[in-house]
Amino acid sequence: MSAIIGHRGAAKIAPENTLAGIRTAYDKGVQWVEIDVILLGDGELVIHHDRTLNRCTDGKGELLSLTLPEVRKVDAGVLFASFHGHQFKGEKIPTLREALNLIHSLDMGLNLEIKMHKHSPEELTTRVLDQLQGHPLVEDGKLIISSFDHDVLVICKEKKPEIPVGHLFEKLPANWLEQVKRVSAITVHSNQKLLMKSQAAEVIDAGYELYCYTVNSGKRAVELMSWGVSGVFTDDPETIKAALL
């Protein structure tokens with residue numbers, strides 16, 4: 001991936017996990033973005049982080065109990081617009097396919113996080129992999145799958161070993177290397193707030209690229225890079241770009 005990865009698009013300056021967020025990240029010079037994919041009650045895949053609609057939209061309810069037509073009725077930009085201007089009002093929750101196609105059209109790279117919210121790991125992961133089958137992002141080597149859920153990554157490597165995976169951790173566990181090796185991950189992703197310099201060195205010395213989330217301080221980004229971290233996920237690409245470049 002790149003040194004600066006737009007977290008959920010560019011979540012500080014555009015509604016998270018939306019097509020507008022992806023376009024905004026692109027406009028700010030971001031080469032890679034991270035977005036979350038989850039499953040609806042009708043089996044459709046959409047880009048969204050939370051279990052419910054409540055935080056990021058003007059709707060309410062659990063995604064697993066909703067259908068795509070129902071989700072399409074909510075506004076994913078109106079709450080953001082109340083703080084950041086009304087240009088995002090009317091923004092919709094995108095499907096996975098819409099996000100994939102936009103990212104490819106912009107010649108960006110994608111870190112796709114498979115988000116677990118009472119889903120069946122097998123059902124959700126299989127549906128995601130089916131949609132990724134033959135997509136240009138995969139063919140061009142510009143997509144990596146990540147997840148906190150170890151079982152999800154096991155399924156990915158069993159069904160689609162050609163798609164690279166990154167193992168997400170909140171706090172790096174003592175057996176992180178064992179878990180990473182089991183799924184043949186090529187990258188390790190860690191919460192920067194809970195990461196120690198010695199742990200970063202351990203990951204890097206073992207031959208893995210290390211990426212940290214969510215870094216919105218330029219000073220912290222510079223510090224992490226001095227440790228040998230390969231990149232940071234950020235809501236604020238402008239600030240991080242100014243600090244690093």
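This is a predicted model: local features need pLDDT of at least 70, side-chain atom pairs count only at pLDDT 80 or more; totals for chains, interfaces and linings use all residues.
Buried here means under 20% relative accessible area.

Now the neighbours of β5. Which way does strand β4 run relative to β5, and how many bridges join them? The two strands are parallel, with 4 bridges between β5 and β4, residues 109–114. One of the pairings has Asn111 with Ile144 of β5 as its bridge partner. Strand β6, residues 165–169, also pairs with β5 in the parallel sense, here over 3 bridges. Gly166 in β6 is the bridge partner of Ser146.

Let me stay on Ser146, which belongs to β5. Its relative accessible area is 1%, and the cut-off for buried is under 20%, so Ser146 counts as buried. What does Ser146 touch, leaving aside its neighbours within four places in sequence? The contacts are Asn111, Leu112, Glu113, Ile114, Leu153, Gly166, Leu168 and His189.

Next, helix α1, residues 19–27. Its buried residues are Leu19, Ala20, Gly21, Ile22, Thr24 and Ala25. These buried residues pack against β2, residues 32–39, and against α4. Just past the end of α1, Gly29 has a positive phi of about 85 degrees.

On α4 itself, residues 96–105, I will pick out Arg97. Its relative accessibility is 44%, which means that Arg97 counts as partly exposed. Arg97 and Ile47 are 50 residues apart in sequence, while their C-alpha atoms are 9.4 Å apart in space.

Two backbone points follow. Most residues other than glycine have a negative phi, and most peptide bonds are trans. Asn17 is not a glycine, yet it has a positive phi of about 55 degrees. Asn17 is in the loop between β1, residues 4–7, and α1. Asp107 is likewise not a glycine and has a positive phi, of about 60 degrees. Asp107 is in the loop between α4 and β4.

Asp107 is at 56%, so it counts as exposed.

Last, a helix pair. Helix α10, residues 218–226, and helix α11, residues 237–244, pack with their axes 8 Å apart and at an angle of about 50 degrees. That angle is why α10 is described as oblique to α11. The crossing of α10 past α11 is right-handed.

Which residues make the contact between α10 and α11? From α10 there are Gly218, Ala221, Val222 and Met225, and they meet Thr239, Ile240, Ala243 and Leu244 of α11. By class, that contact has 6 nonpolar residues, 2 polar and no charged ones.

Technical notes
Residues are numbered from 1 along each chain as its sequence is written. Side-chain values use heavy atoms; hydrogens and water are left out. Axes are lines fitted to C-alpha atoms, for helices over the stretch in contact, and angles run from 0 to 180 degrees between N-to-C directions. Angles under 35 degrees count as roughly parallel, over 145 as roughly antiparallel, 65 to 115 as roughly perpendicular and the rest as oblique. A crossing is left-handed if the near helix is turned anticlockwise from the far one by less than a right angle, and right-handed if clockwise. Contact means heavy atoms within 4.5 Å. Ala, Val, Leu, Ile, Met, Phe, Trp, Tyr, Cys and Pro count as nonpolar, Asp, Glu, Lys and Arg as charged, and the others, Gly among them, as polar. Two strands pair if DSSP finds at least two bridges between them. Buried means under 20% relative accessible area, exposed over 50%, partly exposed in between (1.4 Å probe, protein chains only).
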